[in-house]
Amino acid sequence: MVLNKLRGKTQDHGSDHKSGPVVYTPFDHPSGASKVPAEAKLSDTQLDKYQQVYAHFASADIKVASSEETHKHKDPSHMSPLTDAEKAWLTRECFLRYLRATKWVVADAIDRIELTLAWRREFGVAGKFEADNVVNGKLCSEENETGKEVILGFENDSRPCLYLKPGRQNTKTSQRQVQHLVYMLERVIDFMPSGQDQLALLIDFKAHPVGTQGGKIPPVSIGRQVLHILQTHYPERLGKALLTNIPWLGRTFMNIIYPFIDPMTREKLVFDQPFPNYVPVEQLDQDFGGDVNFEYDHAKYWPVMVEMAEKKRQRYYERFDKFGKKVGLSEIDLRGDGDDLVHPV
């Protein structure tokens, strides 16, 4: 049981009195203490399966559905060709993530990718930039006024860190809360450096004075929807999840949700361990044992974070255009600096 892994005590990793210059905005790139791990080499069998998935989506005739429901019925009247933004999303690493998630079953990987493309269209995150998407910074701004989700710093393997702070909850349960989480997932992906395609979640359940909706367990329906989105549409994106200060309500919710969590995801959950073991202190909030005197001020943080992510996407698409607007380009190249492709298509 998950309760056996959760210690029933509150840990205070930081101090009530922070010191040093106040930081209000995200870090642009990892510190020198973070290193991107070396790429895993594909076997001949894995490479063959990858080529099959690539060939399917590289076809000029490929069309995808407009929603998860229409994807099930394969109705041609609800299908349309890939956009440039979707082609840019269909990277070499994207195909590999879905292949790993489906245990290298080609047909399952193709179906899952097509399902996600349909979901992205339906959910409103399939466009290139802020103005192209229903789920954007303007829609989600109010949800983050108390800083309940923050992108800040990079952990040891250069995964960008997304802090989730349920104790700062400021809104009632709604679909917009789910949209907000997806928006922040999309933005933390923008912050990924070349060679790293995973993120780290740092989840702190500690109560906070700014929280106005604290002490409530999210409905299981919302929890299951979020898990469906994470497991189905963001496979292999979670590298590590650090959880701390889990109260009894949080433990109850975790026990309700735990059976729905994929076993591979469970292995990435770390309970009540010191955050400095996983995140360089020069990019870790002092609240968790780091050196960063971070203070959340929505007016200072939100527009800067949105703009930083937008600029990173702009550069990503510029390099996508430069290398021929092809399906199967590598995120290593699209997020990198070189003029020559590391992984030619």
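Arg 313 forms a salt bridge with Glu 130, and their closest N and O atoms are 3.7 Å apart. A salt bridge here is a side-chain nitrogen of Lys or Arg within 4 Å of a carboxyl oxygen of Asp or Glu. The pair joins distant parts of the chain, 183 residues apart: Arg 313 is in helix α11, and Glu 130 is in the loop between α5 (106-123) and α6 (137-140). Both residues, Arg 313 and Glu 130, are buried (under 20% relative accessible area; exposed is over 50%, and partly exposed lies in between, with a 1.4 Å probe and protein chains only).

This is a predicted model, in which local features need pLDDT of at least 70 and side-chain atom pairs count only at pLDDT 80 or more, while totals for chains, interfaces and linings use all residues. Residues are numbered from 1 along each chain as its sequence is written, and side-chain values use heavy atoms, leaving out hydrogens and water.

The whole structure holds 26 salt bridges, including those below.

| Salt bridge | N to O distance |
|---|---|
| Asp 84 and Lys 325 | 3.6 Å |
| Glu 143 and Arg 176 | 2.9 Å |

Glu 143 lies in the loop between α6 and β4 (149-154) and Arg 176 in helix α7, so this pair ties together parts 33 residues apart in sequence. Glu 143 is buried, at 1% relative accessibility, whereas Arg 176 is partly exposed, at 23%.

Of the 16 residues of α7, 14 are buried, so the helix is largely enclosed by the rest of the structure.

Conventions
Helix = DSSP H or I, 4+ residues; strand = E, 2+ residues; numbered from the N terminus.
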